[in-house]
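Trainee: I am new to this structure and would like to go through it with you. Could we begin with the surroundings of the ligand?
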Amino acid sequence: MPPRPAELRCGRHIRQDDGVAKHPGETPTERQRRVWDKVAPAYDRQMDFVERLLGRGDREWIGERATGRVLEVAVGTGRSLPFYVAATSLTGVDLSPEMLALARSKADARGLPVDLREGDAQALPVEDAAYDTVVCSLSLCTIPDPAAAIAEMRRVLVPGGRLLLLDHVASTWPPVYAVQWLVERISIRVAGEHYTRRSLPLVAAGGFEIVESRRHKAGSMELVHAVKGG
Ligand SMILES: C[S@@+](CC[C@H](N)C(=O)[O-])C[C@H]1O[C@@H](n2cnc3c(N)ncnc32)[C@H](O)[C@@H]1O
């Protein structure tokens, strides 16, 4: 086991050496909101770099398939918003007000009409059967209860509606998997970030029919297209 990060008293909070204040008694979801509010100002810069390494095409893959009334769960800073070329309306939900504020300015700057709402993926602030497509990218790795989030995505889809997912998942190549497992020992504790999760089995177990899925980067990136079964 790696050593525990040093803790420093800071007012009524405990600060860990990752710089994120740890509030005693906060729920995993409250912790996620705090972590992502803190990450928000640097997120786009970091992701520009990460997405250059991963290569282009994943957001385009999702964007081409997202039709009709589209809901993006955990929309973050709105990096995928420009790709929804076939959407008739766009809604984005995220836990973090700071991430949402960046999504809002991006959408305004591009003149994209989008309804952005603060909310929890595990209890979406959305009516039943209100969307034709639900998208979630790079977020089931960090949402505390991904099965609950997938159940919510199913609830808000019309029958036959489309679920489109993109995430980093457990690699099929053992050396990469070993690194992911090691990184996760720290990342889960520091930021609730998982590297060896896989959403495809949860999607299949959650009442969806898998239409297509693909993996790349040693199986560590996964795209899923599923439909809500009856
Ligand atoms: C890695 S970012 C991904 C953002 C965006 N989907 C993208 O592709 O760039 C993870 C996002 O998940 C959000 N998030 C984490 N837990 C959540 C929850 N329970 N409900 C809604 N959003 C959540 C965070 O606030 C953050 O914006």
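Mentor: Please keep in mind that this is a predicted model. The residues of the shell around the ligand divide into 9 nonpolar, 8 polar and 5 charged.

Trainee: Which residues come nearest to the ligand?
Mentor: There are 22 residues around the ligand, and those that come nearest are Tyr-43, Ala-74, Asp-94, Ala-121 and Ser-137.

Trainee: And which helix gives the most to that shell?
Mentor: Helix H1, residues 28-54, gives the most, with 3 residues.

Trainee: What does the backbone of Ala-121 do there, at what distance from a nitrogen atom of the ligand?
Mentor: A polar backbone atom of Ala-121 is 2.8 Å from a nitrogen atom of the ligand. Leu-95 also has a backbone N or O atom placed 3.3 Å from a ligand nitrogen atom. In Gln-122 the side chain is involved, with an N or O atom 3.4 Å from a nitrogen atom of the ligand.

Trainee: How much of the ligand's accessible area does the protein cover?
Mentor: On its own the ligand has 590 Å² of accessible area, and the protein covers 98% of this.

Trainee: Which pocket is the space taken by the ligand?
Mentor: That space is the largest pocket.

Trainee: Changing topic, how many helices and strands are in the protein?
Mentor: The protein has 6 helices and 10 strands. Its radius of gyration is 18 Å, close to the 17 Å that the globule rule gives for 230 residues, so the protein is as compact as a globular protein of that length.

Trainee: What does the C-alpha trace span along its principal axes?
Mentor: The span is about 50 × 40 × 35 Å.

Terms used: Residues are numbered from 1 along each chain as its sequence is written. This is a predicted model: local features need pLDDT of at least 70, side-chain atom pairs count only at pLDDT 80 or more; totals for chains, interfaces and linings use all residues. Side-chain values use heavy atoms; hydrogens and water are left out. A residue is near a molecule or strand if one of its heavy atoms lies within 4 Å of it. A polar contact is a pair of N or O atoms within 3.5 Å; within protein, one must be able to donate a hydrogen and the other to accept it, and residues adjacent in sequence count only if both atoms are side-chain atoms. Accessible areas come from the Shrake-Rupley method with a 1.4 Å probe; for residues, only the protein chains shown count as cover. On a 1 Å grid over the protein atoms alone, a cavity is a set of points where a 1.4 Å probe fits but cannot get out, and a pocket is an open set with protein on both sides within 12 Å along at least five of seven lines; lining residues have an atom within 4 Å of a point. A molecule sits in a cavity or pocket if more than half of its atoms lie within 2 Å of its grid points. Helices (H or I, at least four residues) and strands (E, at least two) are DSSP runs, numbered from the N terminus. Ala, Val, Leu, Ile, Met, Phe, Trp, Tyr, Cys and Pro count as nonpolar, Asp, Glu, Lys and Arg as charged, and the others, Gly among them, as polar. The radius of gyration is taken over C-alpha atoms; the globule rule is 2.2 Å times the number of residues to the power 0.38.
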